[in-house]
Structures are given as structure tokens and as C-alpha cells.
Amino acid sequence: MRLRHTVGAALGALALIVTLPTSADAATGKFSYTFTDEQGKTVTDTENNPASHKCIDLLGVDKPEDHSGAWSGRNATDNVATVYTDLECLGTATVIKKGLTSPPDVKFRSVIFNTF
């Protein structure tokens with residue numbers, strides 16, 4: 001009888017572990033940024049619930065010919081955002097803490113979110 005209870009408890013615990021959401025894989029919230037599009041218009045774009053611990057090349061400034069970069073990064077996620085001047089999270093890094101906006105003179109092309 002005890003073995004049956006032990007096996008049942010173990011299977012129940014396993015089912016709970018498998019069904020729990022993996023919130024550590026994504027930052028919850030939005031990261032918005034502004035850039036100039038190919039027609040010269042100012043555009044604001046948003047990354048919703050971006051992946052954590054993964055470099056994201058930002059749309060609108062993700063091509064080698066996009067030299068201007070994005071600006072006004074607004075970090076409304078529950079993670080710290082680090083923006084980079086180059087694609088693939090290379091170049092000069094600037095940290096944007098939760099709930100803050102990047103400094104006005106910072107231009108960037110990629111971002112990564114971390115929980116530190």
C-alpha cells in the first residue's frame with residue numbers, strides 16, 4: 001500500500017513540474033524603441049514578452065545598411081535590458097534598468113534581457 005502511495009505522489013509531483021510555466025525563458029512586459037524607417041519616417045516598435053538570455057536584433061535596424069540605430073529604448077519588462085550599438089549584441093553596451101528609458105544620446109541595434 002505504501003509503495004502505491006509513494007509512486008502516486010512521485011507521478012503527481014512530476015506532472016506538476018512538467019505543467020508549470022517556464023517564466024524564466026521570457027521577460028514579462030514590453031520593450032519599445034524608436035527608429036527611422038526607409039522612407040525617413042520616425043517609427044516606434046515594441047518587443048512583447050521578449051526572450052531572456054537571448055540576443056535580439058531589433059526590427060527596423062537589423063540590416064547592415066541600417067546605420068542610424070534605434071533610440072529611446074523604454075524597458076517596461078521585469079528584466080534588465082542591455083542594448084548594444086551593433087547587431088548580435090556586439091559593440092558598446094548600455095544597461096536599461098526595469099521601468100527606465102535609455103539615455104537620449106544612446107543609439108542601439110540589439111538587446112538582451114537578463115534577470116540580474
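Predicted model: local features only at pLDDT ≥ 70, side-chain atom pairs only at ≥ 80, totals over all residues.
Where does asparagine 49 lie in this protein? Asparagine 49 sits in the loop that runs between strand 2 (42-48) and strand 3 (56-57).

**The overall picture**

- Of the 116 residues in the protein, 33% count as buried.
- The protein exposes about 7400 Å², and carbon and sulfur atoms supply 59% of that area.
- Among contacts with a separation of 6 or more, 64% come from residues 24 or more positions apart.

- Four strands make an open sheet in the order 3-7-5-6, and their pairing is antiparallel.
- Strand 3 and strand 6 stand at the edges with a single partner strand each, so one side of each has no neighbour in the sheet.
- Inside this order, strand 5 (residues 80-86) pairs with strand 7 (residues 110-114) in the antiparallel sense, over five bridges.
- Valine 80 stands opposite asparagine 114, which belongs to strand 7.

- Is threonine 94 buried or exposed? Threonine 94 has a relative accessible area of 19%, and because the cut-off for buried is under 20%, threonine 94 counts as buried.
- Leaving aside neighbours within four places in sequence, threonine 94 is in contact with Ala81, Thr82, Val83, Pro103 and Val106.

- Asparagine 49 has a positive phi of about 45°, although it is not a glycine.
- Asparagine 49 counts as partly exposed because its relative accessibility is 45%.
- Histidine 53 is also placed in the loop between strand 2 and strand 3. Histidine 53 is not a glycine either, yet it has a positive phi of about 60°.

**Aromatic residues**

- How many aromatic pairs does the structure hold? There are four aromatic pairs in the structure.
- One aromatic cluster is formed by Phe31, Tyr33, Phe35, Phe108 and Phe113.
- To describe a pair of aromatic rings, one gives the distance of the centres and the angle of the planes.

Conventions. Residues numbered from 1 in each chain as written. Heavy atoms only, no water. Phe/Tyr/Trp six-rings, centres within 6.5 Å; stacked < 30°, edge-to-face > 60°. Helix = DSSP H or I, 4+ residues; strand = E, 2+ residues; numbered from the N terminus. Buried < 20%, exposed > 50% of the residue type's maximum accessible area, 1.4 Å probe, protein only. Contact = heavy atoms within 4.5 Å. Areas by Shrake-Rupley, 256 points an atom, 1.4 Å probe, with all protein chains shown as cover. Pairing = 2+ DSSP bridges.
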